[in-house]
Amino acid sequence: MRTQEQYPIDVEAIREDFPILDRQVGGDIETPGEGPDDTRPLVYLDNAATSQTPKPVVESIVDYYYGYNSNVHRGIHHLSQEASVAYEEAHDRVAEFIGANGREEIVFTKNTTESLNLVAYAWGLAELGPGDTVVLTEMEHHASLVTWQQIAKKTGASVEYIRVDGDGRLDMDHAAELIDDSTAMVSAVHVSNTLGTVVPVGDLADLAHEHGAYIFVDGAQSVPTRPVDVEAIDADFFAFSGHKMLGPTGIGVLYGKEHILEEMQPYLYGGEMIRSVTYEDSTWEDLPWKFEAGTPVIAQGIALHAAIDYLDEIGMERVQAHEELLAEYAYDRLSEFDDVEIYGPPGDERGGLVAFNLDGVHAHDLSSILNDHGVAIRAGDHCTQPLHDKLGIAASTRASFYVYNEKSEIDALVDAVDDARQLFA
Ligand SMILES: Cc1ncc(COP(=O)(O)O)c(C=O)c1O
């Protein structure tokens with residue numbers, strides 16, 4: 001039974017905005033509706049991969065395509081002006097949401113991965129060289145780890161990793177040892193997508209700055225789930241993805257301090273990012289357009305604006321409280337099984353996700369059984385292969401929560417895990 005009082009937010013009202021949550025899953029995928037009647041209500045617990053999209057966000061996309069679909073910055077006709085204003089205002093809204101100074105500091109990209117690559121290529125290739133180090137954490141997502149690793153190989157820089165301790169916390173003593181005058185960049189995940197660890201990125205920023213290094217914060221899991229203020233953190237760069245925060249796919253954000261972005265050369269060249277072009281040379285547009293070559297992500301940017309409005313209406317403090325409540329509940333319930341191992345810090349110290357393994361059962365087999373129960377979770381290495389190697393496991397099962405999830409859905413997860421236990425006993 002749903003009781004709203006249990007939650008910091010009005011989950012029941014929020015669920016009304018997500019028609020997908022009424023879906024039945026299972027049965028025949030090839031011919032939906034024609035399979036055997038073994039369907040179950042969807043329990044969507046794969047939010048750290050991609051969140052669902054509420055009606056107002058979908059409507060903002062429909063409004064754009066039905067009402068003012070047009071290229072931006074290219075025409076003086078009415079539709080182009082409307083689209084340009086909406087697209088530019090989306091940058092302002094993002095800036096306000098994360099505490100940036102203004103649209104100059106907000107570059108729209110395709111996703112967090114592209115934001116990381118933009119900085120790694122545009123800044124890293126120009127600035128890194130032999131003798132420089134890039135300091136990462138052992139729990140970086142491949143988006144950060146692989147990108148810096150490869151840029152380091154191209155430039156002769158080296159990569160070092162801050163240890164994660166046995167409880168899944170970042171070893172800050174080790175961070176203080178590693179970050180020194182050879183450090184050019186510290187790149188750290190804000191909330192680990194595998195362990196749920198909340199990394200003290202403000203402290204890392206202080207360490208980086210004491211040694212004249214920059215810090216890039218990967219906020220793919222933090223911006224959707226908690227209030228974030230890039231200035232309070234003192235991040236030099238910060239990135240996140242729209243599709244993990246009720247927005248559409250195809251939109252990511254790169255925040256960069258204005259003076260740093262000013263000094264950087266563009267990452268992609270072409271139309272929209274130039275001021276003047278001759279057969280011999282070209283000059284660049286003002287920020288942020290210098291980094292948005294070609295026709296940009298117009299509909300996606302406008303929809304991200306709508307997603308931020310939706311989250312702000314709920315209130316990010318309350319979103320965080322809800323995430324923490326569900327994470328702790330899931331942690332406690334899964335801890336009831338002595339053959340379930342949970343990775344990362346205790347339930348009251350983590351972001352809204354729990355990765356675990358059931359003894360003797362491969363994560364993929366477990367997720368398949370959960371799927372039979374209608375429970376959508378993620379199985380695999382969650383793009384943190386080296387971290388899984390360190391934990392001595394090939395894969396794990398991850399449940400992750402968002403604003404529309406309820407405790408009863410975690411109960412459904414736990415019941416399904418219990419079924420798997422009986423099956424494999
Ligand atoms: C911590 C973290 N960083 C980066 C990414 C990459 O995000 P995207 O695939 O949207 O580029 C993810 C997505 O899973 C993530 O969880």
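This is a predicted model: local features need pLDDT of at least 70, side-chain atom pairs count only at pLDDT 80 or more; totals for chains, interfaces and linings use all residues.
Next, select residues 43-413, where UniProt, in an unreviewed entry, places the feature "domain: Aminotransferase class V".

**The interface**

Return to the domain colours and display the residues where the two parts meet: 39 residues of domain 1 are in contact with 34 residues of domain 2. Between them the domains bury about 2900 Å², of which 54% is on carbon and sulfur atoms. On the side of domain 1, pick out Met316, Leu387 and Tyr402, which lose the most area to domain 2 and together account for 21% of what that side buries.

Turning to polar groups, there are 23 residue pairs in polar contact between domain 1 and domain 2, counted where both residues have a pLDDT of 80 or more. To see which elements contribute, select helix 11 (316-334), strand 14 (353-358) and helix 13 (385-391), each of which supplies at least two residues of the domain 1 side that touches domain 2. Helix 11 gives the most to this side, with 7 residues. By residue class, the domain 1 side divides into 18 nonpolar, 11 polar and 10 charged residues.

**Salt bridges**

Side chains of opposite charge can pair when their charged atoms come close. Across the interface of domain 1 and domain 2 there are 2 salt bridges, while the count for the model comes to 19. Select Glu138 and Lys390, which form a salt bridge with their closest N and O atoms 2.8 Å apart. Then move to Asp46 and Arg378, another salt-bridged pair, in which the closest N and O atoms are 3.0 Å apart. Asp46 lies in the loop between strand 3 (43-44) and helix 2 (55-68), whereas Arg378 belongs to strand 16 (residues 378-380), so this pair ties together parts that are 332 residues apart in sequence.

**Two backbone details**

Most residues other than glycine have a negative phi, and most peptide bonds are trans. With that in mind, show the backbone of Leu287 and Pro288, which are joined by a cis peptide bond with omega about 0°; Pro288 is found in the loop between strand 12 (282-284) and helix 10 (298-314). Finish at Asp234, a residue other than glycine whose phi is positive, near 65°, and which lies in the loop between helix 8 (230-233) and strand 9 (237-241).

Conventions: Residues are numbered from 1 along each chain as its sequence is written. Side-chain values use heavy atoms; hydrogens and water are left out. Contact means heavy atoms within 4.5 Å. Buried area is the accessible area (1.4 Å probe) that two parts lose on being put together, summed over both. A salt bridge is a side-chain nitrogen of Lys or Arg within 4 Å of a carboxyl oxygen of Asp or Glu. A polar contact is a pair of N or O atoms within 3.5 Å; within protein, one must be able to donate a hydrogen and the other to accept it, and residues adjacent in sequence count only if both atoms are side-chain atoms. Helices (H or I, at least four residues) and strands (E, at least two) are DSSP runs, numbered from the N terminus. Ala, Val, Leu, Ile, Met, Phe, Trp, Tyr, Cys and Pro count as nonpolar, Asp, Glu, Lys and Arg as charged, and the others, Gly among them, as polar. UniProt positions are given in the numbering used here, feature names are shortened, and annotations may be inferred rather than shown by experiment.
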